[in-house]
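Please look over the sequence and the structure before reading on. The briefing that follows goes through the fold, the charged pairs, the surface and a few individual residues.

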Amino acid sequence: MTIKLIRMWSGEDVIADVIEENEYTITMENPIVAVPSQQPGQIAFAPWSPLLKKDKLEVTKKYVVYIGDPQEEIIE
C-alpha cells in the first residue's frame, strides 16, 4: 500500500492508495479529500467523487500540482 497526498490544480488535497503511476496518469484506490470541519482549525475527510461507481480511479497528471507523503497521523 502506497498512501500519497495528491494536490490537484483545483486546490483539493486528495489522499489515496496509489497503485500505478506512469508518465501521463495516476491510478488510485479509495481516494478521500480533506474538507474543512465545523470545528475551527480542524479538517475532516470525505470520499473524493462520491458518485463514482468503483473505488479505482485514473487521473491525468496534467491536473496534479504535486504528490507527496502525508503526515503519519493522516495515514493512521
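How many salt bridges does the count come to? The count comes to three salt bridges, and they should be read with the caution that this is a predicted model.

**Overall layout**

- Along its principal axes, the C-alpha trace of the protein chain spans about 40 × 25 × 25 Å.
- Of the contacts in the protein chain that link residues at least 6 apart in sequence, 47% join residues at least 24 apart.
- Buried residues account for 25% of the 76 residues in the protein chain.

**Salt bridges**

- Lys4 and Asp69 meet through their side chains in a salt bridge, with a distance of 2.6 Å from N to O. This pair links distant parts of the chain, since Lys4 belongs to strand β1 (residues 3-8) while Asp69 sits in the loop between β6 and α1 (72-75), 65 residues apart. Asp69 counts as exposed, because its relative accessibility is 60% and the cut-off for that word is over 50%.
- Glu21 forms a salt bridge with Lys61, and the closest N and O atoms of this pair are 2.9 Å apart. Glu21 lies in strand β2 and Lys61 in the loop between β5 (56-60) and β6, so the pair ties together parts of the chain that are 40 residues apart in sequence. Glu21 counts as partly exposed at 44% relative accessibility, and Lys61 also counts as partly exposed, at 25%.
- Asp13 and Arg7 meet through their side chains in a salt bridge, with 3.0 Å from N to O. Asp13 counts as partly exposed at 22% relative accessibility, and Arg7 counts as partly exposed at 27%.

- Asp17 lies in strand β2, which covers residues 13-21.
- When its neighbours within four places in sequence are left aside, Asp17 is in contact with Met1, Thr2, Ile3, Thr27, Met28 and Glu29.

**The start of the chain**

- Met1, one of the residues in contact with Asp17, has its place in the segment before β1.
- Is Met1 buried or exposed? Met1 is exposed, because its relative accessible area is 84% and the cut-off is over 50%.
- The C-alpha atoms of Met1 and Pro36 are separated by 26 Å, and these two residues are 35 residues apart along the chain.

**The surface**

- The protein chain exposes about 5700 Å², and carbon and sulfur atoms supply 51% of that area.
- Trp9, Tyr63, Val65 and Tyr66 make a nonpolar surface patch of about 470 Å².
- Tyr66, one of the residues of this patch, lies in strand β6, which covers residues 64-68, and it is partly exposed, with a relative accessible area of 41%.

**Positive phi angles**

- Asn30 has a phi near 50 degrees, which is a positive value in a residue other than glycine. Asn30 lies in strand β3, which covers residues 25-36, and it is partly exposed, with a relative accessible area of 47%.
- Ser49 is not a glycine, and yet its phi is positive, at about 60 degrees. Ser49 is found in the loop between β4 (43-47) and β5, where it is partly exposed, with a relative accessible area of 38%.

Key:
Residues are numbered from 1 along each chain as its sequence is written. This is a predicted model: local features need pLDDT of at least 70, side-chain atom pairs count only at pLDDT 80 or more; totals for chains, interfaces and linings use all residues. Side-chain values use heavy atoms; hydrogens and water are left out. Patches are made of residues with over 30% relative accessible area and no salt bridge: like charges are joined within 9 Å, nonpolar side chains (Val, Leu, Ile, Met, Phe, Trp, Tyr) within 5 Å. Accessible areas come from the Shrake-Rupley method with a 1.4 Å probe; for residues, only the protein chains shown count as cover. A salt bridge is a side-chain nitrogen of Lys or Arg within 4 Å of a carboxyl oxygen of Asp or Glu. Helices (H or I, at least four residues) and strands (E, at least two) are DSSP runs, numbered from the N terminus. Buried means under 20% relative accessible area, exposed over 50%, partly exposed in between (1.4 Å probe, protein chains only). Contact means heavy atoms within 4.5 Å.
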